[in-house]
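This report walks through a few local features of one structure for a reader who is meeting it here. The sequence and the model come next, and the text then goes on from there.

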Amino acid sequence: MSSEDVNLVDLAARAGISAEHVIPYGRDVAKIDLSVLDQAGHSEPVPADRAHYVVVTAITPTSFGEGKSTVAIGLAQGLAYRGRRSILTLRQSAMGPTFGIKGGAGGSGCARILPAERMNLHLTGDFHAITAAHNLLAAMIDNHLHHGNELGIDVRTLTWPRVLDVNDRALRHIVIGLGTRTDGVTRQASFDITPASEIMVIMSLATSLKDLRERLGRIVVARDKDGAWVTAEDLGAAGAMAAVLRDALAPNLLRTGEGTPALIHTGPFGNIATGCSSVIADLVAAQGAAGHDAGQEGGCEPGYVLTEAGFGADMGLERFFDLKCSVSGMRPEAAVLVVTVRALKAHSGKYRIVSGKELPPAMLEENLEDVRAGASNMLKHLSIVRGFGMEPVVAINVFPTDHDCEVEEIRRIATEAGAHVAAVHPVTEGGAGCADLADQVAAACALARQTGPSQPQETSSPQEASSQAADAERGRPLYVAGDDLRTKIGKVAAMYGADGVDYTPAASRFLDACEAEGFGHLAVVVAKTPLSLSHDPSLKGVPTGWRLPVREVRLAAGAGYVYAICGSISTMPGLPSKPAAQRIDVDTQTGEILNLR
């Protein structure tokens with residue numbers, strides 16, 4: 001399907017969105033006017049019986065990733081292949097990884113988001129708007145300091161960096177204000193990548209322009225000389241930031257390679273934020289899948305809203321529930337757990353995988369013992385899924401180098417654990433290669449409606465028992481707002497399998513201050529490596545006998561959470577020795593962009 005063939009009104013209609021809400025951005029992308037929610041009176045979540053809600057997550061990934069987005073796209077196509085209405089919501093690709101080593105996050109082969117060039121480069125300019133709004137606040141902070149510092153900001157406590165959507169390690173630590181006196185106040189500063197901006201998370205969680213404006217005002221940037229927090233509202237910046245972001249708040253309508261509608265919106269950093277697409281995109285998709293708009297009949301079979309949670313179920317799924325679902329009010333019925341042979345072999349602990357380098361040759365050899373050894377990680381993630389009260393569906397993403405007996409061994413282990421299972425081939429076969437997965441997801445959703453929330457299974461591990469504990473009500477968060485911050489962090493750590501949490505004195509003091517200053521009700525995010533259930537990327541499988549070390553705690557008041565940093569987390573990635581940018585080019589005759597991944 002070429003860009004000239006795309007009828008955006010028809011594409012929107014397949015998502016249950018009527019023509020008056022479609023705002024074309026060129027010939028192949030549209031924004032969806034937020035009045036689509038107002039018109040339907042969408043003040044409450046879509047009733048559960050009107051749309052199925054499914055989240056795609058994964059086991060602990062390797063540094064290559066296991067194809068979560070590709071499987072999610074393939075599943076959306078697979079449901080359509082089976083004649084079921086489906087709408088996909090995904091994060092937008094960031095240009096930093098696109099030009100770096102990871103590539104875009106828009107799928108691969110026969111399971112891709114189109115137009116791929118727009119998905120990976122600029123799209124409708126949302127990331128640039130977030131970059132501009134973020135840096136506007138940074139500029140107003142420095143301007144305030146230059147013109148006398150009326151608020152009495154303690155410069156040593158400033159926490160607001162600048163951002164850029166390019167990987168650039170040279171900007172991690174900088175000095176600004178050099179030159180003459182008129183060039184500003186000299187101080188140390190830094191850059192993060194745009195997806196790591198608190199504004200990106202705020203955009204992903206905001207439910208309306210009013211909610212966005214209020215959250216922007218609550219952003220804290222420093223303390224004053226009396227120890228009180230200074231906010232974006234205090235600096236008079238929040239209104240202008242909201243103006244810059246107004247149009248970016250509307251989700252973007254794209255499509256899969258087989259014409260299934262996809263809402264692409266926001267892209268928060270997975271380590272220190274939610275790692276999920278926007279609440280607004282899910283609300284719009286749920287309304288469309290439920291048949292509220294575009295002439296859908298109320299009595300038709302419920303459609304499917306498919307979304308994705310970043311990294312594995314330990315990080316992404318927990319934040320999906322404890323942050324995103326607590327805002328949207330939506331509750332998924334099933335979770336698709338993406339598994340690969342290579343990831344299970346990696347969790348045997350026998351191999352060292354380095355991003356950007358080929359897999360060790362021994363990993364490509366048939367070895368059922370390695371698969372069995374690493375399967376404990378899959379079983380742990382299945383227990384996490386059940387702990388949130390969902391029906392688990394294991395999707396074995398099959399690579400050409402996998403051996404049939406290895407795939408069947410994963411199927412056997414997952415089936416014996418009580419999960420629905422399907423082997424998928426989204427890259428080579430698209431929707432047809434995910435048709436069995438579509439059937440398994442439909443069966444899981446039907447079972448969830450018949451039996452209620454999935455119940456925790458018996459386990460000999462106290463940590464697994466804790467992660468499954470009494471909260472088997474579908475979509476119930478791991479903790480409640482009334483828990484204190486240490487209790488919330490402790491519950492997350494216990495779900496990972498930690499024996500406890502250790503805080504540095506500075507982290508402990510910060511938590512005490514947050515509690516005393518009225519932030520104790522906020523959610524928590526544990527910022528750790530995605531490559532292990534623990535904080536240590538070298539610990540594979542299901543580590544035991546470890547404690548979670550929290551070295552620093554930061555406040556994201558506008559986004560609505562406190563985040564505990566465990567280990568070394570960089571919020572400004574660097575480029576590899578051979579970045580993807582070296583091979584990306586443009587055909588000067590046709591204008592086609594070449595070699596994007």
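S69 counts as buried in this predicted model, because its relative accessibility is 15% and buried means under 20%. The residue is found in helix 3, and, once its neighbours within four places in sequence are left aside, S69 is in contact with A105 and E308.

K68 lies in helix 3 as well, in the run of residues 68-81. With a relative accessibility of 12%, K68 also counts as buried. Apart from neighbours within four places in sequence, K68 is in contact with V56, T57 and A58, with E308, A309, G310 and F311, and with V338.

| Helix pair | Axes come within | Crossing angle |
|---|---|---|
| Helix 6 (residues 126-146) and helix 9 (residues 238-245) | 9 Å | roughly 170° |
| Helix 11 (residues 313-328) and helix 13 (residues 368-387) | 10 Å | roughly 10° |

How do helix 6 and helix 9 run relative to each other, roughly parallel or roughly antiparallel? Their axes cross at roughly 170°, and since angles over 145 degrees count as roughly antiparallel, the two helices are roughly antiparallel to each other. The crossing of helix 6 and helix 9 is right-handed. On the side of helix 6 the contact is made by A129, I130, A132, A133, L136 and L137, and on the side of helix 9 by A240, M241, V244 and L245. The residues of this contact comprise 10 nonpolar ones, with no polar and no charged residue among them.

For helix 11 and helix 13 the axes cross at roughly 10°, and because angles under 35 degrees count as roughly parallel, these helices are roughly parallel to each other. Here A313, D314 and L317 in helix 11 meet H381, I384 and V385 in helix 13. The residues of the contact between helix 11 and helix 13 divide into 4 nonpolar, 1 polar and 1 charged.

How values were computed: Residues numbered from 1 in each chain as written. Predicted model: local features only at pLDDT ≥ 70, side-chain atom pairs only at ≥ 80, totals over all residues. Heavy atoms only, no water. Axes fitted to C-alpha atoms, helices over the stretch in contact; angles between N-to-C directions. Helix = DSSP H or I, 4+ residues; strand = E, 2+ residues; numbered from the N terminus. Parallel < 35°, antiparallel > 145°, perpendicular 65-115°, else oblique. Left-handed = near helix turned anticlockwise from the far one by under 90°. Contact = heavy atoms within 4.5 Å. Nonpolar A, V, L, I, M, F, W, Y, C, P; charged D, E, K, R; others polar. Buried < 20%, exposed > 50% of the residue type's maximum accessible area, 1.4 Å probe, protein only.
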